[in-house]
Amino acid sequence: MNKVKNLINQLNKKHFLSIDEWYQVIQGQNEEIIKYAGEIARKAREPYYGNKVFIRGLIEFTNYCKNNCYYCGIQRKNKKVHRYRLTIKEIMDCCKEGYQLGFRTFVLQGGEDPYYSDDKVVKIITSIKSKYPDCAVTLSIGEKPRESYLRYKEAGADRYLLRHETANENHYRKLHPVELSLSNRKECLYTLKELGYQVGAGFMVGSPYQTIESLVEDMIFLKDLNPHMVGIGPFIPHHDTVFAKEAAGSMDQTLYFLSLIRIMMPEVLLPATTALATIDSLGREKGMQAGANVVMPNLSPDMFRKDYLLYDNKLATGEESAQSYQILEKRMKKIGYEIVFDRGDHVSMKKD
Ligand code: 5AD
């Protein structure tokens with residue numbers, strides 16, 4: 001048996017590989033190996049989630065951001081962006097619509113926007129949780145002090161998404177200005193976990209200056225953090241950033257990493273991301289077949305969707321739109337997957 005396949009089997013059994021073994025697995029990527037990893041990943045997912053796909057309503061409630069991450073289209077420096085903020089009423093309207101459509105998780109995502117003070121964030125969380133106590137609230141609003149995370153948790157927030165972006169110091173520096181640090185980002189993730197959130201980390205595949213070494217470190221970091229959710233998608237250039245001319249991440253490599261993450265962490269909640277759907281019209285389907293089990297269509301008000309442009313050509317209509325989830329449902333059915341409309345918690349959270 002091929003050496004790399006053997007290592008994938010080992011990962012499947014022990015959920016652990018040494019640094020050297022990770023190098024071999026990541027370097028060993030080819031068509032046959034990607035296919036093999038996909039098969040193992042699907043089998044690994046089976047006992048926990050079967051053919052079920054969880055669905056989340058994504059509300060992009062502000063595109064103001066105080067940061068200047070080099071890859072991101074809504075970084076503060078980009079003066080061409082039309083900036084918007086949703087009022088609490090607009091956010092509640094999104095939830096109302098989402099609830100009626102059957103969504104039981106709302107993901108509140110935004111740039112790091114100081115306008116939304118902790119009091120405001122708490123107000124949003126309590127409003128949603130009191131009106132929809134059967135729904136999970138996921139926050140994705142960046143790096144905050146521990147006290148803020150604690151307040152949000154006490155207000156009822158269930159989950160928090162904060163991609164680490166890269167676990168390699170040098171790589172982190174190439175993607176972010178000096179005021180941001182990998183150590184703080186990692187610390188935020190460990191704090192969120194300690195506070196009892198279901199936590200999501202993740203990285204872009206094929207981001208500029210990414211190396212095998214940084215990818216090895218990503219996998220080792222994920223193993224150590226052991227998050228409930230992992231968000232990965234291909235890097236896609238945005239025309240107004242310094243990375244405008246860089247190549248996008250590849251579909252194949254993204255699928256390979258989806259599978260490897262599923263095999264390393266069989267219980268993980270793993271979305272087939274919008275970025276994946278953006279680089280390939282069958283991205284969501286291929287993502288599922290590689291081991292993903294979550295989709296997050298857009299529930300933001302129509303008129304603002306074009307303004308939340310993290311990268312070029314970001315999809316926001318058709319099956320990316322929560323309102324058209326039936327298209328997504330049909331497409332999933334066609335490949336044997338069933339969208340379920342419940343909170344979709346991580347299996348370790350189920351109280352029974
Ligand atoms: N390409 C792909 N993903 C991106 N993100 C930000 N900019 C880009 C880009 N150009 C991702 C980051 C961030 C998430 C919200 O979107 O990983 O954490």
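Trainee: Which helix holds methionine 219?
Mentor: This is a predicted model. In it, methionine 219 falls within residues 212-225. That run is helix H9.

Trainee: Is methionine 219 buried or exposed?
Mentor: Its relative accessibility is 0%. Buried means under 20%. Therefore methionine 219 counts as buried.

Trainee: Which residues does methionine 219 contact, leaving aside neighbours within four places in sequence?
Mentor: Isoleucine 19 is 200 residues away in sequence, yet the C-alpha atoms are 9.3 Å apart. Leaving aside neighbours within four places, the contacts of methionine 219 are Trp22, Ile26, Phe257, Leu260, Ile261 and Met264.

Trainee: Where does the ligand sit?
Mentor: Tyr71, Cys72, Arg163, Glu165, Met204, Pro234, Phe235, Ile236, Leu310 and Tyr311 surround the ligand. Its site is the largest cavity.

Trainee: Which residue has a backbone N or O atom 2.7 Å from a nitrogen atom of the ligand?
Mentor: Arginine 163 has a side-chain N or O atom 2.9 Å from one. A polar side-chain atom of glutamate 165 is 2.5 Å from a ligand oxygen. The backbone atom 2.7 Å from a ligand nitrogen belongs to isoleucine 236.

Trainee: How much of the ligand's accessible area does the protein cover?
Mentor: On its own, the ligand has 400 Å² of accessible area. The protein's cover amounts to 87%.

Trainee: What is phi of glutamate 165?
Mentor: Glutamate 165 is in the loop between strand S5 (159-161) and helix H7 (169-175). Most residues other than glycine have a negative phi. Glutamate 165 has a positive one, near 75 degrees.

Trainee: Is glutamate 165 buried or exposed?
Mentor: Its relative accessible area is 9%. The cut-off for buried is under 20%. So glutamate 165 is buried.

Trainee: Why does tyrosine 209 count as partly exposed?
Mentor: Tyrosine 209 lies in the loop between strand S6 (198-205) and H9. Its phi is also positive, near 70 degrees. Tyrosine 209 is partly exposed because its relative accessible area is 48%.

Trainee: Which residue forms a side-chain polar contact of 2.8 Å with arginine 343?
Mentor: Arginine 343 is in the segment after strand S9 (338-340). Its relative accessible area is 23%, partly exposed. Beyond four places in sequence, arginine 343 touches several residues, including Arg56, Asp134 and Asp158. The 2.8 Å partner is aspartate 345.

Terms used:
Residues are numbered from 1 along each chain as its sequence is written. This is a predicted model: local features need pLDDT of at least 70, side-chain atom pairs count only at pLDDT 80 or more; totals for chains, interfaces and linings use all residues. Side-chain values use heavy atoms; hydrogens and water are left out. Helices (H or I, at least four residues) and strands (E, at least two) are DSSP runs, numbered from the N terminus. Buried means under 20% relative accessible area, exposed over 50%, partly exposed in between (1.4 Å probe, protein chains only). Contact means heavy atoms within 4.5 Å. A polar contact is a pair of N or O atoms within 3.5 Å; within protein, one must be able to donate a hydrogen and the other to accept it, and residues adjacent in sequence count only if both atoms are side-chain atoms. A residue is near a molecule or strand if one of its heavy atoms lies within 4 Å of it. Accessible areas come from the Shrake-Rupley method with a 1.4 Å probe; for residues, only the protein chains shown count as cover. On a 1 Å grid over the protein atoms alone, a cavity is a set of points where a 1.4 Å probe fits but cannot get out, and a pocket is an open set with protein on both sides within 12 Å along at least five of seven lines; lining residues have an atom within 4 Å of a point. A molecule sits in a cavity or pocket if more than half of its atoms lie within 2 Å of its grid points.
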